[in-house]
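Have a look at the sequence and the model first, and then read on.

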Amino acid sequence: MTRVVVVDGFSSGKFVAKRLNDAGCVLMHVASSQGLDSYYYKGFEPLIYEQMIVNADFSTTLQEVKRFSPQFIIAGAETGVLLADQLNDLLKLPYRNDIDKSNARRNKYDMIQCITRSGLPAARQFVAGTWPLAKGWIDDHGRFPVVIKPLESAGADGVFICDDLHACEVAVGRLLGTTNKLNIANTQVLIQEYLAGVEYVVNMVSLDGQQLVTEVVRYRKQRTQAGGILYDIDELICSDCPEYSQLVDYTRAVVRSLGIRNGPSHAEVMLTDDGPRLVEIAARTDGILRPDVSRRTTGLGQIEAVVLSVTAPEVFAQWLAKPVAYQRLQHTYNVCLISHADGCFKKDFFLTELLKLESFFDAVFYVDQGQPIGVTQDVFSQPGTVYLVHADPGVIAADYLKIRVLEVQGAYLAAR
């Protein structure tokens, strides 16, 4: 039996682990630290693992992992990427990525520096540990908006788009000295030029340095009054869309430059008037993906592709050999919920209304029935995701608008 260690099997990584278990793999779970945010444990399935440990001391963790004798070590969520890299390198397992680029796959400043050294175009940037240093670069840059964010975060956590110097100072003040959702101290901030254009996601799975494209998705996001980022819609595009090849070619080069040779990659890329520019990339699966949706919309999807790369590399190679990476079988929106008021979460009426939508496929809620929720401020306070799937994009667009109307009406809120 194939033995697999999953480091932080959370977010969409829990679906990867579940499918590996279904495929007959024996699993060990390693939590990267004791201080992980409870957000990550939503829907976690401990029963699929033969063994579970928490990384409190690296040498102890390494000995436990060695004793398990894994053939593969994978990161399930962003929090597990660095530890998975370390373990893979020390055990010299073949399904691993270049260790010398490990930090550049997590630290957003090093990430951009790495790809620019490879000759790829990217945003101008600066890293600062104080407001005066940040202000100096912003003044020299001389253009607004600018983007300010943590060096290491995920899911738009702590990302601010700032339209003036005062907004920049507020954003820097809100970040420095705090701890982000990955339980990492924000001792410095990253300041980048604002990339104007349309943002996309390019998901891939690599095996021995060859990349299989599993999804290209058009993002729509919203800005909060404070300049923060909220996810709105993910819309799968077809592989014959005019922008597809340009996005994919650029992302392949990014993946290679960052030493991602095996496993998933989730890249956010802005398509500007001057061509694609990397926003950031992660060496793990796209957190919003669900296997059932992927089966309906592309026939495969990133989660299943990761499982094939581990359990059936010959089948994965067949997908690689296809002239087109994927075909869009149906249209889909992943609709990220945005609460507009404070209240207690009450899903019953909202679910009843969702079931009336012609394109409704599934809904995943990140809060419990009766739990207090507030106005959505970031991805970690979004109440859930609604998955719409249909052959007619017009039906999906109309159903999306109905969801937003229901939200304004407070359809999933009850008074506290």
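## Spaces inside and cores around them

Helix α3 gives the most to the lining of the largest cavity, with 4 residues. This is a predicted model, in which local features need pLDDT of at least 70 and side-chain atom pairs count only at pLDDT 80 or more, while totals for chains, interfaces and linings use all residues. Residues are numbered from 1 along each chain as its sequence is written, and side-chain values use heavy atoms, with hydrogens and water left out.

On a 1 Å grid over the protein atoms alone, a cavity is a set of points where a 1.4 Å probe fits but cannot get out; a pocket is an open set with protein on both sides within 12 Å along at least five of seven lines, and lining residues have an atom within 4 Å of a point. Helices (H or I, at least four residues) and strands (E, at least two) are DSSP runs, numbered from the N terminus.

How many cavities of 30 Å³ or more does a search of the whole structure find? The search finds 4.

| Space | Volume |
|---|---|
| Largest pocket | about 740 Å³ |
| Second largest pocket | about 460 Å³ |
| Largest cavity | about 170 Å³ |
| Second largest cavity | about 140 Å³ |

The largest cavity is lined by 15 residues, and Ile 73, Ala 75, Asp 85, Asn 97 and Asn 262 lie nearest its centre. Besides α3 (81-91), both β4 (72-75) and β12 give two or more residues to this lining. The domain assignment (an automatic or database one) gives domain 1 (3-96), domain 2 (124-193) and domain 3 (197-414). Domain 1 and domain 3 each supply at least three residues to the lining of the largest cavity.

Now for the second largest pocket. Among its 24 lining residues, Ile 161, Glu 199, Lys 221, Ile 229 and Met 270 lie nearest the centre. Which element gives the most to this lining? Strand β10 does, with 5 residues. By class, the lining has 13 nonpolar, 3 polar and 8 charged residues; Ala, Val, Leu, Ile, Met, Phe, Trp, Tyr, Cys and Pro count as nonpolar, Asp, Glu, Lys and Arg as charged, and the others, Gly among them, as polar. Domain 2 and domain 3 each give at least three residues to this pocket. The C-alpha centres of these two domains lie 26 Å apart, and 11 residues of domain 2 are in contact (heavy atoms within 4.5 Å) with 11 residues of domain 3.

Finally, the cores. A nonpolar core is a set of buried Ala, Val, Leu, Ile, Met, Phe, Trp, Tyr and Cys residues joined through side-chain atoms within 4.5 Å; buried means under 20% relative accessible area (1.4 Å probe, protein chains only). The largest core has 94 residues, and those that touch the most other members include Val 4, Leu 20 and Leu 258. Helix α7 (residues 244-257) gives the most to this core, with 7 residues. Not counting residues up to four places away in sequence, Leu 258 touches Lys 101, Ala 104, Arg 105, Met 111, Cys 114, Ile 115 and Ile 281. A second, separate core of 22 residues includes Val 335, Leu 337, Phe 350 and Ala 411.

Methods:
Grid points are joined across faces, edges and corners, and a volume is the space filled by probe spheres set on the points. Buried means under 20% relative accessible area, exposed over 50%, partly exposed in between (1.4 Å probe, protein chains only).
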